[in-house]
Amino acid sequence: MYRYIQKSAYVSPLFNKKNIFVALMPIGVVHNSLLSLRERKQKGFAVLVDPDKVSVYQVQELAARCNESKVDYLFFGGSLMVTQHMDECIQAFKSHSDIPVILFPGSPSQVSRYADALFYLSLISGRNPELLIGAHVVSAPMVKASGLEIISTGYMVVDGGSPTTVSYMSHSFPIPRDKEDIALCTAMAGEMQGKHVLYVDAGSGAKYPISESMITKIASNTSIPLIVGGGIRDAEKAYLNCKAGADVIVVGNAIEKDMALIKEISSAVHQNNMVV
Ligand code: 1GP
């Protein structure tokens, strides 16, 4: 799929018969599916797996449950990577499921060619140059060579009520949870910088998930897909976040504790699709 840019004054092999320039800006399958959720006002559900917290056997069970509950995406990654079995886990998941696997890396070393796509994260809520551009420069050749679909992501960490691994590791302050205008302006800046998606995160296991009013503020003033996660523990909060304007809901911790939640939360998220 290609994004049509605009009419041009001259003809070249890159122009179609109507002299419309067909730009060489491929939109990958996963990015396109995220755009389509936003455009059709549909909602998606993503399960986050931290490779340090699962065995290959558990990943297989997870795949079966995700298939059964019509999960839309599997996000894979964590702030740290103590174990060495990411490739193996992703292969195990892929051999049991067609659900797209998107890497959500805590560091540039977390790249696996077995995934479908990679959130190319820029921590736009922080002021640490390493996580805005430094790590990207170092990892660029490896990321490019991976052949993965790259999804440029404006990553925003919002205070979830307790220090999270991401805040500690990134040496950056999260956005205070009552400063919705800061969150809004950060999101707008990310969109205008050309990020493909926004990921607003209260951090894994957050005491306070992102508020619905903050989600509404961001969603109603930006037009790129909005992913929301951190501290979501039940179907009701997932449903309310969708109502507030989130396009994709991410749940990790709560599912690690109770896999039965996959079905419950997935139904709640997709219930919004039926209402629409
Ligand atoms: C964390 O958004 C994710 O980066 C998910 O958070 O583990 O709290 O669900 P939880």
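Is Asp 159 buried, partly exposed or exposed? With a relative accessible area of 27%, Asp 159 is partly exposed, where buried means under 20%, exposed over 50% and partly exposed in between, with a 1.4 Å probe and protein chains only.

1. The model is predicted, so that local features need pLDDT of at least 70 and side-chain atom pairs count only at pLDDT 80 or more, while totals for chains, interfaces and linings use all residues. Residues are numbered from 1 along each chain as its sequence is written, and side-chain values use heavy atoms, leaving out hydrogens and water.

2. There are eight salt bridges, each defined as a side-chain nitrogen of Lys or Arg within 4 Å of a carboxyl oxygen of Asp or Glu. One of them joins Asp 159 to Arg 177, with the closest N and O atoms 3.3 Å apart; Asp 159 sits in the loop between β7 (149–157) and α5 (165–170), and Arg 177 in the loop between α5 and α6, 18 residues apart. Helices (H or I, at least four residues) and strands (E, at least two) are DSSP runs, numbered from the N terminus. Arg 177 is partly exposed at 36%.

3. Lys 263 pairs with Glu 68 at 3.9 Å between the closest N and O atoms. Because Lys 263 belongs to helix α10 (residues 261–275) and Glu 68 to helix α2 (residues 56–68), this pair ties together parts that are 195 residues apart in sequence. Lys 263 is partly exposed at 47% relative accessibility, whereas Glu 68, at 54%, counts as exposed.

4. Asp 116 forms a salt bridge with Lys 94, the closest N and O atoms being 2.5 Å apart.
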